[in-house]
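Good morning, and thank you for coming. I would like to take you through one structure, element by element. Please have the sequence and the model ready.

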Amino acid sequence: MKIKDMIVMCLSNLLKRKVRTLLTVMGVVIGTCAIVVMISLGLGLQKTQEEALAQMGDLTVINIYNYGNATEQPLDDSMLEQFRQIPKVVAVTPVYSPETWGSVMFISGKYQYESSIYGVDMNALPLLGYQTDAGELPTGGKYDGVVLFGADSVQNFRNPKSKRWDEVPDLNLMEDKIEIVIPFENDPKNKKSISYKATVPAILTSDWSKNPSPGYSAFMDINYLKKLETEYRKLNGVKVDKNKVFSYNNVVVKVEDMKDVAAVEEVIQGFGFETNSMESIRKPLEEQSRSQQMILGGLGAISLLVAALGITNTMIMSIYERTREIGVMKVLGCLVSNIRTVFLMEAGTIGLMGGIIGVGISYGISFAINTLSMQGGAGGGMGGIGGMGGMSLGGSSIIPWWLVVGALLFSTLVGLASGFYPANRAVKISALTAIRQE
Amino acid sequence: MSLIEVKDLRKVYRIDQERVVALGRVNLSIDEGEVCCILGTSGSGKSTLLNIMAGLEKPTRGKVLIGGEDITAMGERQLALFRQKNIGFIFQSYNLMPTLTAVENVAMPLMFRGVSRARRDKEAKKMLKAVGLGKRMKHRPTQMSGGQQQRVGIARAFVAKPKIVFADEPTGNLDSHTTLEVMEMIVHMARDHGETLILVTHDKEIAQYADRIVRLVDGAIISDTPNQSIIGREEQAQPEEAATPAKDAPAEEAVPAEAVPSSEMPSPQADDPAPLPDPDAFPS
Ligand SMILES: Nc1ncnc2c1ncn2[C@@H]1O[C@H](COP(=O)(O)OP(=O)(O)OP(=O)(O)O)[C@@H](O)[C@H]1O
Ligand SMILES: [Mg+2]
C-alpha cells in the first residue's frame, strides 16, 4: 500500500466517527493545555524570580572578599591579572578605599567632600554596566585627575563652618572647579598641602545593586588613587610596615553569562579566596522553581495520561467494530504491516490534533493570565508600592517555542504509544474468524 | 504440472478433548483455467478445503502447491503478497467495506498492491461496467441490493487479474433468479480471462456451471468427474455420480483425486465456445 493511501484510510476512519474522534481529541486537548499552561506558569515564575534577583544584584558578578588572612596568597595586582586570564571573565576590578581616612580630599569653594572614595579599574566600569546621569564614562587609560561622582554624592559636600546639617550645597560637580587635595597634617588649608585640579567627565547613576555602589560616593582610577596615597605618606612622613604584604580587601569579577558563574567561582576558590555571588542565592531558588515546575508539569502529565487511556479505549472500540473489515482486508492481501501503520497513524493523528488545538488554547489561556496579572500589577503599583513591586507580585505565563514543539511531539508520541497495543491487536485478528463472523 | 496440487491434506480441529476430522486425506490437482466445483453437504469440509487452498488456514498435515510453490509453508507476509498477486475471493456474505463506494471497494485489491489511485479507479470502473453496474459507481453497499453487492464482489475478485478465484457459496444469500445471473457472471468472467475458478457449493444445480465436479463427503473426496452437461442438461449429469466407485468409502480411504486425472478430461469449453446457460432451462 502507498503511504498516501494509508493516510487517506486513516483520516477517513477518523472522520467516519466524528463525535467519538472529537471526544478523544478533547481529552488530549485538555491534557496538552494542562501541561503547557502549567509549565508556562513555572517559566513565568522563574522569570519573575530572576528579575527579582537581578534587582538585588548583578547575577554575573562574583565578589572576592579578603580580610586578614593575606599571608598565603596576596590579592594584589598580579593576582588580578591571573583572574583576567580565566576563561569567560569579562572584567576585573579592585574595590579599594584609602587606608587612611582623609588622605585624599575634594574641595570646591567653601565645600568639602566628606564621604567614601573608591579606587577602581576605570576600564572595567562600562563592562560592569555602570550608567551615567550626565556625561560619559572616561576611556583611553589616562585617568589622572579624573573623578566620577555618584548621583547623590553632591549631598556629601559640606561647609565645615556651617551649623546646619540639612544644607544642600549649591554645586554643579561637572562644571564647578573642584580640587583634589593631599592635606598636610589633616589640614587642607595648610600651605604645605598639595592640590590637583579634578576633571569630572560624568555623574554616575545611582544603583544599589552594584558593588561598589555609586550613589553617595566618588570613583577614581586605582592607580591614580594609590599614587595620591603615596604622596600623602611622603608629605606627612607616614611609615609603611615593610613586612606587610599589600592585598585588596574586595575584588569584583564579572563573567560573560550567568551560567559561567559557578565555574569561574571554582577557579578563584582554587587560588584560596572566598567568593560570593548571587549564584549562592540563585541556585537554591532555581532548584526550587525547577521542582515547582516538575510538580506543575506532573499535574499536567496526569491529565494527558488519562487522555492516553481514552485514545487506547477508542482504538480498541474501533477495532472491535472493524474486525470484519480488517479480516477481509487481510484475505484480499493487505499486509499486516500496513494495517498496523494505519492504526498507529490514527492514534498518532488524534494525539497530534489534540496537541495542536491544545497549544492554541494554551496561548489563549496564557494571554488571559498575563493580561489579568498585568492589570493586577498595575493596580498594585498605583497603590504606592511602586512599579517594580507590582511587577514582581504579578504571576506571568511564558510559552517559548521549545514548549510548543515539545508539546506537539509529546502529544503525538502519547497518541502513538496509546495506539501501540490496539494496533498489535488489529494485526493479530484472524482473517478467517473475522470473515466468518456474522 | 497442474496449477494447484493438493497433497495428502488432513485437517483436524481440536475442541477440548474432542477431535473433529474436517478433512481426511485429500488429494486433488486442478489445471489452469479450470472451473472446478467442490460439491458437498453442510459440514462436509468444503470451506475448510477452500480456506487451506487459499492459504487462510494451515492444514494439520499435507501440503498445497500453487504453481509449484508450497503455500502451506509460507509465512504471513509471504502469503499476503502471494494472495495480492494470485488470488481473488468471492464471499457468500459479499464482505464489502460498508463505508466505501462501489469503485473504492472494487479498487481495494489494487490499492493493497500499491497501484496509483487514478489507475486503480480506471480498472475498477471498467470492471463495474463489465458486471453491469456502470450506473452505480458511487453507491455504497447499503444503497445496493444483494445481487448488486455480489456483483461488486465479483468485480473486486477479478479486478487484479488473479490466477485463481475462490468462491465459497457465492449465491448463498441470493434468490434463485439472481443466483443464475451471478453464477453466469462469475463463470463467464473466469472463462473470458482464462482464470481458474474454485467454486464451493452444496447445490447440485449450481455445480452444473463447472467443468468438473469434486464431491466431498465427511472430509473425503468421493467422486471427481468432468461435467459433460455443463448446464441445462442435468438429466445426463446424474449417472456419473452413480458410476463413482468410492462413494461410500470412509473418509480416510477416499480415492485420491488422481484416480481421475484432470489433464485427461476434455475441456468442455473446447466443444462449446459459448457455454452460457439459458436461465429458463433451470427448474425454479
Ligand atoms: N474453526 C473450527 N473449529 C472447529 N471445528 C470446525 C471449525 N471449522 C470447521 N469445523 C468443523 O469442520 C467440519 C467442516 O466444516 P466446513 O466449514 O468446512 O463445512 P462446509 O462443508 O463448508 O459446510 P457448510 O456448507 O455448512 O458451509 C465441520 O464439522 C465443522 O464443524
Ligand atoms: Mg462452508
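Which residue is the bridge partner of Val147(A) in S12(A)? The partner of Val147(A) is Met220(A).

Before I continue, a word on conventions. This is a predicted model in which local features need pLDDT of at least 70 and side-chain atom pairs count only at pLDDT 80 or more, while totals for chains, interfaces and linings use all residues. Residues are numbered from 1 along each chain as its sequence is written, chains are lettered from A and ligands numbered from 1 in the order in which they are written, and side-chain values use heavy atoms, with hydrogens and water left out. Helices (H or I, at least four residues) and strands (E, at least two) are DSSP runs, numbered from the N terminus.

Let us stay with strand S12 of chain A, residues 218-221. Strand S7 of chain A, residues 147-150, pairs with S12(A) in the antiparallel sense over three bridges; two strands pair if DSSP finds at least two bridges between them. Strand S5 of chain A, residues 117-120, runs parallel to S12(A), and four bridges join them. Within that pairing, Val120(A) stands opposite Asp221(A).

In a regular strand the side chains alternate between the two faces of the sheet. Accordingly, please look at the directions in S12(A): Ala218(A) and Met220(A) point one way, Phe219(A) and Asp221(A) point the other way, and all are buried. Buried means under 20% relative accessible area, exposed means over 50%, and partly exposed lies in between (1.4 Å probe, protein chains only).

The loop between strand S11 (202-204) and S12 of chain A holds Pro212(A). The peptide bond from Asn211(A) to Pro212(A) is cis, with omega near -5°. Most residues other than glycine have a negative phi, and most peptide bonds are trans.

Asp8(B), in strand S1 (residues 4-15), is not a glycine, yet its phi is positive, near 45°. Asp218(B), in the loop between strand S9 (212-217) and S10 of chain B, is not a glycine either and has a positive phi of about 50°. Asp8(B) counts as partly exposed because its relative accessibility is 33%; Asp218(B) has a relative accessible area of 56% and is therefore exposed.

Now to chain B as a whole. Chain B has nine helices and 10 strands, and of its 284 residues 57% count as buried.

S6(B) and strand S7 of chain B, residues 164-168, run parallel and are joined by four bridges. Gly88(B) stands opposite Val165(B) in S7(B).

Contact means heavy atoms within 4.5 Å.

Helix H5 of chain B, residues 146-158, contains Arg156(B). The side chain of Arg156(B) does reach the backbone oxygen of Tyr94(B), at 3.0 Å. Leaving aside neighbours within four places in sequence, Arg156(B) is in contact with residues of both chains, including Val328(A), Leu332(A), Phe91(B) and Met108(B).

Finally, consider Leu128(B), in helix H4 (residues 117-130) of chain B. Leu128(B) counts as buried because its relative accessible area is 0%. Beyond its neighbours within four places in sequence, its contacts include Ala102(B), Val106(B), Met137(B) and Val152(B).

How values were computed. A polar contact is a pair of N or O atoms within 3.5 Å; within protein, one must be able to donate a hydrogen and the other to accept it, and residues adjacent in sequence count only if both atoms are side-chain atoms.
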